[in-house]
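Colleague: I'm new to this one. Could you show it to me and take a few questions?

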Amino acid sequence: MTFEILAIVMTAAGLVLGARFIFFGGSVLNEWGLEQSTGALLLFRRIGLMYLGIALIFLFGRTAAPSEVRSAVCLVMGGAALLLASLGLSEFLARRASAGIFRSVAAEAVLGAGFLWVWWAG
């Protein structure tokens, strides 16, 4: 896998997640077995904007040549995605989220592994 392919995948994922969190945050909460509240939906809209920002970063940076900055982005995104997957798993095991969170956990684990692979491969 190349950085450019991973960046395109992240652009698409960021756009989809951003739009979903902004406009359909309640469906994510339902999927995870959580109740909808004004506070949760407010946070989801804010997180959705962050996902859209991440999508733009990867869209504009998809052709970046190997560098220390690109390596740092891969390492940080890989680590963050794997931590998100771990957090989702721990929330399920603590019975704070339903099995619906596994779709997110799987996607985060795959993206995290992809970023760490690109970082390691240089």
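Predicted model: local features only at pLDDT ≥ 70, side-chain atom pairs only at ≥ 80, totals over all residues.

Colleague: Is Arg-20 buried, partly exposed or exposed?

Modeller: Residues are numbered from 1 along each chain as its sequence is written, and side-chain values use heavy atoms, leaving out hydrogens and water. Buried means under 20% relative accessible area, exposed over 50%, and partly exposed in between (1.4 Å probe, protein chains only). Arg-20 has a relative accessible area of 25%, so the label is partly exposed.

Colleague: Which residue does Arg-20 form a salt bridge with?

Modeller: A salt bridge needs a side-chain nitrogen of Lys or Arg within 4 Å of a carboxyl oxygen of Asp or Glu. For Arg-20, the closest N and O atoms of the pair are 2.7 Å apart, and the partner is Glu-31.

Colleague: Is Glu-31 buried or exposed?

Modeller: The relative accessible area of Glu-31 is 17%, so this residue is buried.  Its salt bridge with Arg-103 has an N to O distance of 4.0 Å, and Arg-103 counts as exposed at 61% relative accessibility. For Glu-31 the answer is therefore buried.

Colleague: Which residue forms a salt bridge with Glu-91?

Modeller: Glu-91 is partly exposed, at 23% relative accessible area. The closest N and O atoms are 2.4 Å apart, and the partner of Glu-91 is Arg-96.
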